[in-house]
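I begin with charged pairs and then turn to helix packing.

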Amino acid sequence: NMDLLVLCKEIELRVEAAHPDFDECDISARCHRRLRKIGKALRMGWELELLGCKTEADVEELRQTGSIDVAALVDRLDTLGAKKV
């Protein structure tokens, strides 16, 4: 299981760093967008890609050890799906 607080904090820190001029409302909107993207990725069956795993056995190993790299997950999130220009 992943600590959702850690995931949300990682997203918030990255959004704040990328947009230091944004107010709290804009930061919140960007964070919410990233969380929705995670939900969409999960609905599309991209769990392996998000977690950086090749097989379901790799996912089970992560689950047992609890060693999900949240920063890497957020990095991989940016590579999934279509990019808006």
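1. Arginine 14 and aspartate 75 join their side chains in a salt bridge, with N to O at 2.4 Å (a salt bridge being a side-chain nitrogen of Lys or Arg within 4 Å of a carboxyl oxygen of Asp or Glu). This pair links distant parts of the chain, since arginine 14 belongs to helix α1 and aspartate 75 to helix α5 (residues 70-77), 61 residues apart. The model is predicted, so local features need pLDDT of at least 70 and side-chain atom pairs count only at pLDDT 80 or more, while totals for chains, interfaces and linings use all residues. Residues are numbered from 1 along each chain as its sequence is written, and side-chain values use heavy atoms, leaving out hydrogens and water.

2. Arginine 14 is partly exposed at a relative accessible area of 24%, as is aspartate 75 at 41% (buried means under 20%, exposed over 50%, and partly exposed in between, with a 1.4 Å probe and protein chains only).

3. The axes of helix α1 (residues 4-18) and helix α2 (residues 24-43) come within 9 Å and cross at roughly 130° (axes are lines fitted to C-alpha atoms, for helices over the stretch in contact, and angles run from 0 to 180 degrees between N-to-C directions). That makes α1 oblique to α2, given that angles under 35 degrees count as roughly parallel, over 145 as roughly antiparallel, 65 to 115 as roughly perpendicular and the rest as oblique. Helices here are DSSP runs (H or I, at least four residues), numbered from the N terminus.

Technical notes
Helix = DSSP H or I, 4+ residues; strand = E, 2+ residues; numbered from the N terminus.
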